[in-house]
Amino acid sequence: MVKKKASVFISGNGTNLNALIKSSKNYNFPITINFVVSSNKNAKGLKIAKLHNISSKIYKIKNSFDEKKLLADLKKRKITLICLAGYMRILSKNFIKNFDGKIINIHPSLLPKYKGLNTFAKAIKSKDKYTGCTVHFVNEKLDSGKIILKRKILIKKNDNENSLKLRVQKEEYKAYSEAIFSLFKGSNL
Ligand code: GRF
C-alpha cells in the first residue's frame, strides 16, 4: 500500500501527534506523518517529532506572505492531508481552499455542542451526562465542518475539568486514528 503523506499542526503538548505517529507505524495505516508544523516554538510536541525523526518547522503566520511560505513548504513535501491536533490558530479562507477537503481536526466536545475553547468547563456547567470528542473536516467556520466521527464518554458526578480532559484525551488518541482509517477506506483522499 502506498501511504499518503500527512502533516500534523500543533501548538502544545502534542499527545495526539504522538498517538498518530504510533498509528502511522502500523503497516495498514493509510498515512505517514512527514512534517510537523507548530505555531509555537516551545510546543512540547516538537520534541516528539524530533524523537521520531520527523521534520518540523515553526511558522509564525502574521500575513499572507507567511502563509504562502507554509503552503509552498507543504506542497514541496507533497503533503496531501493536514491533521490539526491542538493547533491554536485559525486557518485563512485561502489556506483552506488550497487544501480543500483535506484538512481535519480533533475537537474535545461532542460537536455541534461547545465549539471553541473551554469545552470541559462548559459540559460540566451544563450538567451534561456525556461529553467526548469529534473528528471533523475543517472549513472557514470554527469547528463547523462535516463530522467524520464522534466518541462519547460518561461525565461522572465528581469530575472536574482535569479529570474529564484526561479521559476525553484518551478517547481522542483512538478516535483520531480511527477517523483517518475510515476516511481512506475506499476513497482517494
Ligand atoms: C486536544 O484535546 C484536542 O482535542 C484539542 O487540543 C488538544 C491538544 O492536545 N484540539 P495535544 O497537544 O494533542 O496533547
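1. By class, the shell around the ligand comes out as two nonpolar, seven polar and one charged residues. Keep in mind while reading that this is a predicted model.

2. Who is in that shell? The residues surrounding the ligand are Asn13, Gly14, Thr15, Asn16, Gly86, Ile106, His107, Pro108, Gln169 and Glu172.

3. A polar side-chain atom of Thr15 sits 2.4 Å from an oxygen atom of the ligand, and for Gln169 a polar side-chain atom is 2.9 Å from a ligand oxygen. Asn13 takes part through its backbone: an N or O atom there lies 3.4 Å from an oxygen atom of the ligand.

4. As for cover, the ligand on its own has 370 Å² of accessible area, and the protein covers 84% of that. The space the ligand takes is the largest pocket. Elements giving two or more residues to the shell are α1 (15-24), β5 (103-107) and α6 (161-184).

5. A separate word on Ser144, which you'll find in the loop between β6 (130-137) and β7 (147-154). Its relative accessibility is 29%, so Ser144 counts as partly exposed; the band for that label runs between 20% and 50%.

6. One distance to check in the viewer: how far apart are the C-alpha atoms of Ser144 and Asn28? They are separated by 30 Å, with the two residues 116 apart along the chain.

Conventions: Residues are numbered from 1 along each chain as its sequence is written. This is a predicted model: local features need pLDDT of at least 70, side-chain atom pairs count only at pLDDT 80 or more; totals for chains, interfaces and linings use all residues. Side-chain values use heavy atoms; hydrogens and water are left out. A residue is near a molecule or strand if one of its heavy atoms lies within 4 Å of it. A polar contact is a pair of N or O atoms within 3.5 Å; within protein, one must be able to donate a hydrogen and the other to accept it, and residues adjacent in sequence count only if both atoms are side-chain atoms. Accessible areas come from the Shrake-Rupley method with a 1.4 Å probe; for residues, only the protein chains shown count as cover. On a 1 Å grid over the protein atoms alone, a cavity is a set of points where a 1.4 Å probe fits but cannot get out, and a pocket is an open set with protein on both sides within 12 Å along at least five of seven lines; lining residues have an atom within 4 Å of a point. A molecule sits in a cavity or pocket if more than half of its atoms lie within 2 Å of its grid points. Helices (H or I, at least four residues) and strands (E, at least two) are DSSP runs, numbered from the N terminus. Ala, Val, Leu, Ile, Met, Phe, Trp, Tyr, Cys and Pro count as nonpolar, Asp, Glu, Lys and Arg as charged, and the others, Gly among them, as polar. Buried means under 20% relative accessible area, exposed over 50%, partly exposed in between (1.4 Å probe, protein chains only).
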